[in-house]
Amino acid sequence: MDNNKDNNEEAIYYYKKGIEVGNKGDVKKALEYFNKAIELNPFYRDAYYNKALALRILGRYDEARECLIIGMSIERYSNNKNNKKSEDNEK
């Protein structure tokens with residue numbers, strides 16, 4: 001199995017663990033899991049969004065804003081890439 005696919009699957013695992021523990025109220029542990037997911041997949045938009053939420057809950061507003069901006073940038077890039085593919089397919 002290729003390493004990138006392994007990293008993505010592992011990132012999803014940590015992301016889901018972050019959601020799970022965050023929903024149980026352990027925001028600091030959730031933050032650790034979101035960080036691990038992002039380390040494994042630096043383009044994991046949802047991990048950035050949930051990290052931003054966790055940071056906001058912890059009162060770390062500047063860091064939360066940074067993560068939100070990164071998540072939005074990833075989303076914008078992804079949307080532009082998908083739009084470009086659609087345009088190419090129409091030609």
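This is a predicted model: local features need pLDDT of at least 70, side-chain atom pairs count only at pLDDT 80 or more; totals for chains, interfaces and linings use all residues.
Visitor: How do α1 and α2 cross?
Guide: The axes of α1 (residues 3-23) and α2 (residues 27-40) come within 8 Å and cross at roughly 165°. That makes the two helices roughly antiparallel, a label for angles over 145 degrees. Axes here are lines fitted to C-alpha atoms, for helices over the stretch in contact, with angles from 0 to 180 degrees between N-to-C directions. Helices are DSSP runs (H or I, at least four residues), numbered from the N terminus.

Visitor: And α2 with α3, at what angle?
Guide: Roughly 150°, with the axes coming within 9 Å. α2 and α3 are therefore also roughly antiparallel to each other.

Visitor: Which residues meet there?
Guide: From α2, Val 27, Leu 31, Phe 34, Asn 35, Ala 37 and Ile 38; from α3, Ala 47, Tyr 48, Asn 50, Lys 51, Ala 54, Leu 55 and Ile 57. Contact means heavy atoms within 4.5 Å. By class, this contact has 10 nonpolar, 2 polar and 1 charged residues. Ala, Val, Leu, Ile, Met, Phe, Trp, Tyr, Cys and Pro count as nonpolar, Asp, Glu, Lys and Arg as charged, and the others, Gly among them, as polar.

Visitor: Which residues of α2 are buried?
Guide: Val 27, Ala 30, Leu 31, Tyr 33, Phe 34, Ala 37, Ile 38 and Leu 40. Buried means under 20% relative accessible area (1.4 Å probe, protein chains only). The cover over these residues includes α1 and α3.

Visitor: Changing topic: is Ala 52 buried or exposed?
Guide: Ala 52 has 7% relative accessibility, so it counts as buried. Its place is in helix α3.

Visitor: What does Ala 52 touch?
Guide: Leaving out residues up to four places away in sequence, Ala 52 touches Ala 64, Cys 67 and Leu 68. Ala 52 and Ala 64 are 12 residues apart in sequence, with their C-alpha atoms 4.1 Å apart.

Visitor: What span should α3 have?
Guide: At 1.5 Å a residue, the 13 residues of α3 (residues 45-57) should span 18 Å, and the end C-alpha atoms are 19 Å apart, which agrees. The expected span is 1.5 Å times one less than the number of residues.

Visitor: What follows α3?
Guide: Gly 59, whose phi is positive, near 80°.

Definitions and conventions:
Residues are numbered from 1 along each chain as its sequence is written. Side-chain values use heavy atoms; hydrogens and water are left out. Angles under 35 degrees count as roughly parallel, over 145 as roughly antiparallel, 65 to 115 as roughly perpendicular and the rest as oblique. Buried means under 20% relative accessible area, exposed over 50%, partly exposed in between (1.4 Å probe, protein chains only).
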